[in-house]
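Trainee: I would like to go through this model with you. Please show it first, and then I will ask about its parts.

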Amino acid sequence: MLDRVRPWMMYVPRPLVLAVRYAYSMIPLRYRMNRAYFEMSELLQASQWWEAGELEAYQNAELARLVRHAYEYVPYYRELFDRCNLRPDEIRDAGSIRRLPLLTREVIKGRREDFLSRAHRRRDLESARTSGTSGAPLHFWREPGRSAAIERAFFERMWAWHGYHRGDRSIYITGVLRAGDRFQYEPSTRTLVLQNPVITPAKVADYMDVIRRFRPKAMRGYPTLIYAFARLINRYGPEADCPSLEVIFTNSEKLYGYQRDEIVAAFRCRVVDSYGHAERLALMQQCEAMQGYHVIQEYGLVEFIGRDGEPVSEGEAEVVATGFHSRAFPMIRYRTGDWVRLSAAPGPCPCGRSYPRVDEIVGRAGDYVVAPSGRLLSPTVLEFAMMRSPSCRDLQIVQTDRDALEVLMVPDEGFAMEDVDRFVAFLHSLIGEPITVRPVLLDGIERPAGAKHSLVRSLIAREHLAQM
Ligand SMILES: [Zn+2]
């Protein structure tokens, strides 16, 4: 019910909104959350300790259920199965799913209506989209209450692995870089939201003061936003003396090593990362042992494929995902365009859970730079360049075609044009092919609403990766 009310809240005067929020927070949890949330939370408490065989059996059952549903109610899949001469009961596990073709964004874009489940009424669904940092956004639908509740259950479990529980205070840093700063308190989750924070050297102490007095146990947000804040603390701040803060959770973008180091130096607490995406088909999370990322098997079936489309068990691989909980708009064997690194024999995780692990999230499709020859420069290579970047408050590498890069920079104290020249020369040497690198100096880097804040913004990498 509340999901229907929420969009109307923006038309209600602010003091009233706050009063409603407080009143809402008084309602006991069992009335506030829906059945999907409680069922999933209960399952996840038990299933995290299942043996590999039990997890596999669960996945096979969920896959069979999804495939049956897709065949019955989703026109695209009915047609695909018939065309491939397949019966739904022939797709039973991670092996037999490969009888179906990989699904690309282009296919979905061309036939969006045909992916909608006829078992769902359009007016009960919410429209969602990907961020559009790596090309035109993909639009799809999901069940608003159910999808958010399930997502929450999965994240609450991971938070609990790191000592942060429902009811503990947290800071959530979100939003686009835009003039004006805003704090907003969510009493029901005891979260202080920093919406569109423009944290400048002059304001860093004020922000830190508000946070310290709030006494959060956790902080959450995009790595780039938290990194930018951490960097200001390390350069200009008073010490980020916030003893209550135990853990920082990052998500939605690649967390680079240099970002993690800067964040740890500023806040002196552990940084826990997770991999997910707007489509909600695959989830990978770090457990308390912090040795890579667990592939969360109750969330969806994840396959790892190489550039030739064949399964990969070691080295770099693309994430191909089949989500179990997106029944309104099923996507089976969806190519995410995101890449991970797998080690040959990771061995059991010290945490005792049986989920498979990946070593590293290499990058999102939009994080790659494509050289004129078509060679890809991975985010790890570009990370190397960042060590030599000039003194900037914000920096972003933008690629709109193969022959040119723009480096957007917001100069900071100590910024020197000679450093820019050196940085451009270093980028040239990394790419090793003739390419135009154009530095652009700005007061701030504007990001469209809902877009991620990533270091590299390539509008051509996803398409290029899909063609490889
Ligand atoms: Zn573990």
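Trainee: Is Arg-190 buried, exposed or partly exposed?

Mentor: This is a predicted model, where local features need pLDDT of at least 70, side-chain atom pairs count only at pLDDT 80 or more, and totals for chains, interfaces and linings use all residues. Residues are numbered from 1 along each chain as its sequence is written. A residue is buried if 20 or more other C-beta atoms lie within 10 Å of its own, exposed if 12 or fewer, and partly exposed in between, with C-beta atoms placed from the backbone. Arg-190 has 16 C-beta neighbours inside 10 Å, so Arg-190 counts as partly exposed.

Trainee: Where is Arg-190 found, and which residue is 21 residues apart from Arg-190 in sequence but 5.1 Å apart in space?

Mentor: Helices (H or I, at least four residues) and strands (E, at least two) are DSSP runs, numbered from the N terminus. Arg-190 is in the loop between strand E4 (182-186) and strand E5 (191-195). The 5.1 Å runs from C-alpha to C-alpha, and the residue at the other end, 21 residues apart in sequence, is Arg-169.

Trainee: Which residues does Arg-190 touch, not counting residues up to four places away in sequence?

Mentor: Two residues are in contact if their C-beta atoms, placed from the backbone, lie within 7 Å. With residues up to four places away in sequence left out, Arg-190 touches Gly-167, Asp-168, Arg-169 and Ser-170.

Trainee: In what order do the 4 strands of the open sheet lie?

Mentor: Two strands pair if DSSP finds at least two bridges between them. The pairing in this sheet is antiparallel, and the order is E11-E12-E13-E15. Each edge strand pairs on one side only, and these are strand E11 (300-305) and strand E15 (360-363).

Trainee: Over how many bridges do E11 and E12 pair, and which residue stands opposite Val-320?

Mentor: E11 and strand E12 (residues 315-323) pair in the antiparallel sense over 6 bridges. Val-320 is in E12, and the residue opposite Val-320 is Glu-303.
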